[in-house]
Amino acid sequence: MEELWLQAVSILAATLRTATPLVFCAMAGMFSERSGIIDIGLEGKMLAGAFAAACLAVVTGSAWLALLGAVLVGVLMALLHGLACITYRGNQVVSGVAINIMAAGLTVVLGNAWFGRGGQTPDLAPEARFMPFKILSRESAYEIPILGPLYAFVIGGHNLLVYVAFATVPVAWWVLYHTRFGLRLRAVGEDPKVVDTAGISVAWLRYRAVIIAGLLCGFAGAYLAIAQNAGFSPHMTAGRGFIALAAMVFGKWRPWPAMFACLLFGLLDAIAIRLQGVILPGIGQVPVEAIQALPYILTVVLLAGFVGRAMAPHALGQPYVKER
Amino acid sequence: MSGAPQVALPRWVDIGLMPVINLVQALLVAGLVVLVIGVNPIDAMRIMAWGAVYDSVAISYTLYYATDFVFTGLAVAVAFHAGLFNIGGEGQAYVAGLGATLAILLLDGYLPGILLIPIGLIAAMVFGAGWALVPAYLQAYRGSHIVITTIMFNFIAASLMVYVASDLLRAPGDMLPSSREFAPAAYLPHVHDLAALLGFQMHSTPLNLSILWAAACCVFVWVFIWRTRWGYAIRAVGLSPKAAVYAGISPKGVIMVAMCLSGALAAGVALNQIIGYHHRLLLDFVAGAGFTGIAVALMGRNHPVGIVLSAILFGALYQGGAELAFEIPTITRDMIVAMQGLVILFSGALAYMNRPWIARLYAMFDRRAVLAEAA
């Protein structure tokens, strides 16, 4: 029994850790898409942010400067996306694809040129990273029955950015639904003409939305490179940006449901790793790939309207042309 | 696709000059990156250009890479003509490889190559088209966005193929996740083999006869898009779905046909890589060609001629990039990936950035254009 509980606790803890970058990126995507700008460049912005964080952590040795750098790079790439989609009314999907591919290429090229090691950054010292808070030691956690491990591994025992990620959800919810900016943001994603008629700049609103998206992607990247791992490795985002996109769609472009989708997908990932090669009674060996594909399959099924209905913001993907 | 501020420019500017300007812009930024990492961009450019064409081996490799890009470029272009963005070329080509492999694994003990290879190709096309048809159906009849669905299908394909290659098809005793090797009858002939038959000596390269299939696909796409009723319907829906409905064209059917064709075209990658070169199913044999296809289609302005030209350009970049990475180890082959991103950025995302100043420049040389614009 106790063994099972410890298993469950460790899966929950792993779920939170894998869900963290997803939550950041899902919130990022939500802000962007709620304003009407498709953001399939989450992956690229996160990757570039991770690279910037690792580089700065190596050079300065400061986790905070690294985080700042990651956010800056994320915002810069978001501005490029904004320039293409808002100012020049380009195709938003094409722009996102460009950002993803550029980030995938440039991070490895620059990383290899600066550090050798085939694009990997040197291992970071604990001082240059966001390390888990130690509230209870492992030994003392086991002494308190049931609640001990839960407290030590699920509630506590994470690094700062995990808490920040989950804190962004209520903040995003409050901003979207309880501020004037949020109201306008949602309006501009539904019907930009209305917002324009009210004398509010559509472009500036959308720019702010993509900047927020870039900022959050920077956090996600910093988490991957200097909190969860001790450095950058090529393509380390490994499709998480797309899982986050799926989670956002799965959560119907809303903060809380999107967060739960991230947790669900994080849980699937945590289970998949533990099920590798395990033979379940009555089922046999579960193909891990099936569990890994499940987030994508679930999203497709949901989008197809077989379970509930996911409605995208009405003006999503349409560049706004002010009438002359 | 939508909301384009249209300035009247002659065709040659649009399809000839613009891609060149986009390419120059991408090269300039790439040059800047090369400068940042402390390599002379002119040297890098020279090594790359020379590396792509210096002898028959280099040219063969360039064409071998270009073959893949023609397939994926055409796949993206056909969907584009219907107003659809098929990001799923990667997954469609990947699953097509499974089709080819299954067909050949089943039959290579019984049939001669002249039957095996076409059957493999047809199986690849059926699988590729099938993998494209699900997102197409969901877009047409269930209203889910094809961009999201095709992205999801890329990942589902990746998981599926890992499962298939490592659990179902892995040859006994084989460490690598791959199928067994095909019988030699199923090998699509290499160009150097044919050259040897004709009495020429050529070095052995991966270039194979799938290049002929690529050429046939180009002709077919041109005829289909611009000379058939279906092509007309596709272009009509792409330009204006509402007007198409008014003209009696069903956008649903068009979405299905365009995506089906798109997936079948992407299947060419399986012909080149699986039947033509590796002769077994390998993980990740598409290697990003599906995404390169986006850059190729954008730069080639969705026209077969443009696609062939930009596919050869990207093939040269791949081959030249390999030489560059060999000569200057500071620059990895990922520079080519970055270059693709830049081309997509400039010729796709920022396409309307260039138009106004090119139009103004053009107007300075052509008074009639100014008058036309003023009118």
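**A tour of chains A and B**

Begin with helix H9 of chain B: helix H3 (56-81), helix H8 (210-227), helix H10 (241-246) and helix H11 (251-266) of chain B are among the elements that cover its buried residues. Helices here are DSSP runs (H or I, at least four residues), numbered from the N terminus. The model is predicted: local features need pLDDT of at least 70 and side-chain atom pairs pLDDT 80 or more, while totals for chains, interfaces and linings use all residues. Residues are numbered from 1 along each chain as its sequence is written, with chains lettered from A and ligands numbered from 1 in the order written.

Next, select residues 229-239 of chain B, which form H9(B). Buried here (20 or more other C-beta atoms, placed from the backbone, within 10 Å of its own) are Gly231(B), Ala233(B), Ile234(B), Ala236(B), Val237(B) and Gly238(B).

Now display both chains. In chain A, 41 residues are in contact with 45 residues of chain B (contact: C-beta atoms, placed from the backbone, within 7 Å). Helices H4 (92-115), H11 (240-250) and H13 (288-303) of chain A each give two or more residues to the side touching chain B. H4(A) gives the most, with 15 residues.

Finally, select helix H1 (residues 2-34) of chain A together with H11(A): the two pack at an angle of about 60 degrees, their axes 8 Å apart (axes are lines fitted to C-alpha atoms over the stretch in contact, and angles run from 0 to 180 degrees between N-to-C directions).

Key: Contact = placed C-beta atoms within 7 Å. Buried ≥ 20, exposed ≤ 12 C-beta atoms within 10 Å, placed from the backbone.
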